[in-house]
Amino acid sequence: MRISAVVAAVAAAFAVGAAQAQDVVRLGVSNDRSGIYADLGGLGSEMAVRMAVEDFNGQVAGKTVEVIGADNQNKADVASSLVRRWFDTQGVVAVVDGGASSAGLAAQGVAREKGGAALISGGFAGDFSGKQCSELSTQWAPDTYALANAVVRSVVDQGGKNWYFITTDYVFGKSMEANATRFVQSAGGKVLGSTRHPLGALDFASFLLQAQSSGADVVGLASAGGDLVNLIKQAQEFGLAGGRQRLMTFLTFINDVQAMGPHVAQGLTFPTGFYWDADEDTRAWTRRWQQKVGTTRAPSIVQALSYVATVHYLQAAQAAGTFDGAAVNRKMRELPITTRLVRNARVRPEDGRVIMDMYLVEVKKPAESKYANDFYRILSTVPGEKVFVSLAESECPSVKK
């Protein structure tokens, strides 16, 4: 009797534990925590996701929602292993951010295999909603097509006819260079050449010398994060910045401007879908985020989009009454995006591409900044429908079919 009683007690405890486990779902934030993209995503993205869950009091569709996160080291194999373990053993139903595009694509692939959602707020390559699109994923980060489209034509029209690219040698950089090349040529310009550097390079001297000797009017920097910061700093030492040749960036984060200093970054012009100081809504959210993170620096677009994406996902799960990946993604494509951190945003049903208006901003001179993080001057707002890839040009297989 004693043995049977013990067995019964253990079985009852196991059943309670299993029932409790079934009542908990988790969102996994996979991104860079130790490398060149740590500041623009990292723990700041995880906190943004936690803030979104807080907005629902941690309860959605009858489930308790928790957040976990880890460093994928910007490596596809690490991201794949990490996210697979989350889905298999941690009750994860969605992965957020993604980090570097190569790691994000790996995470998106595992999420699709497991029937979970992928909310790509940190991957800017076009493949997320293009060649590797999924009915279970949405791409929130503006892609390389939109980033190039927002600026290239106006630069060519202003006399920047001949281009040379310095490109980071992985999926994001190659996609950025390919899209920018396309827009340069369609605007009547010419690409004189390019060179590629490894991710996380420290010495860019040889790449800058090749760009300098090319005679190009514009040197396009198809790099991001710490690579871009080091590139621009070293370009200034070589006399490229502020010289006859114009430096053009496509994906520049506010963390980059802070890292290189406004005295180095002043005059840089680039597109962004989020700026903390755009209006009272963005300022109020930024104050809340800063308090949660314990920082005075401004949030990046990746961190803001991690919040926006998670809120929309949880609204969809609530409306669907389930965390089933397919059901939630269908609802995400139906519902309007209600958060006001980005303008005129919507999820395009056919490929999961999030369309939003883009700001064209210029980095102020140091003397023009009036308060902390007052870095940008908004030059114009470009409607999302004019910069993001159209369905007619989409490489998403489901759209083509």
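1. Arg287 pairs with Glu280 in a salt bridge, with the closest N and O atoms 2.8 Å apart. The term means a side-chain nitrogen of Lys or Arg within 4 Å of a carboxyl oxygen of Asp or Glu. Arg287 is partly exposed because its relative accessible area is 48%. Glu280, at 43%, also counts as partly exposed. The cut-offs: buried is under 20% relative accessible area, exposed is over 50%, and partly exposed lies in between (1.4 Å probe, protein chains only).

2. A note on the basis. This is a predicted model: local features need pLDDT of at least 70, side-chain atom pairs count only at pLDDT 80 or more, and totals for chains, interfaces and linings use all residues. Residues are numbered from 1 along each chain as its sequence is written, and side-chain values use heavy atoms, with hydrogens and water left out.

3. The structure holds 23 salt bridges. One of them joins Arg283 to Asp277 at 3.0 Å, N to O. Arg283 is partly exposed at 24% relative accessibility, whereas Asp277 is buried at 12%. Asp169 and Lys174 also meet through their side chains, at 3.6 Å, N to O. Asp169 is partly exposed at 40%; Lys174 is partly exposed at 37%. Glu54, Asp55, Arg288 and Lys292 are linked in a salt-bridge network.

4. Asp279 deserves a look. The residue sits in the loop between strand 11 (269-272) and helix 12 (280-293). Helices (H or I, at least four residues) and strands (E, at least two) are DSSP runs, numbered from the N terminus. Asp279 is buried but has no salt bridge. The nearest side chain of opposite charge is Arg343, 4.3 Å away. For charge, Lys and Arg count as positive, Asp and Glu as negative; His and the chain ends are not counted. The side chain of Asp279 does reach the backbone nitrogen of Asp281, at 3.0 Å.

5. Thr282 belongs to helix 12. Thr282 counts as buried because its relative accessibility is 1%. A polar atom of its side chain lies 2.8 Å from the backbone oxygen of Trp276. The backbone oxygen of Asp279 likewise lies 2.8 Å from a polar atom of the Thr282 side chain. A polar contact here is a pair of N or O atoms within 3.5 Å; within protein, one must be able to donate a hydrogen and the other to accept it, and residues adjacent in sequence count only if both atoms are side-chain atoms.

6. The largest pocket has a volume of about 310 Å³. Its lining has 20 residues, with Gly126, Asp127, Ser175, Asn179 and Glu395 nearest the centre. Helix 5 (144-149) and helix 7 (171-186) are the elements that give two or more residues to this lining. Helix 7 gives the most, six residues. By class, the pocket lining has five nonpolar, seven polar and eight charged residues.

7. How many cavities of 30 Å³ or more does a search of the whole structure find? There are four. The largest cavity holds about 140 Å³ of space. It is lined by 18 residues; closest to the centre are Tyr37, Gly99, Ala100, Gly122 and Phe124. That lining divides into ten nonpolar, six polar and two charged residues.

8. Terms for the spaces. On a 1 Å grid over the protein atoms alone, a cavity is a set of points where a 1.4 Å probe fits but cannot get out; a pocket is an open set with protein on both sides within 12 Å along at least five of seven lines; lining residues have an atom within 4 Å of a point. Grid points are joined across faces, edges and corners, and a volume is the space filled by probe spheres set on the points. Ala, Val, Leu, Ile, Met, Phe, Trp, Tyr, Cys and Pro count as nonpolar, Asp, Glu, Lys and Arg as charged, and the others, Gly among them, as polar.
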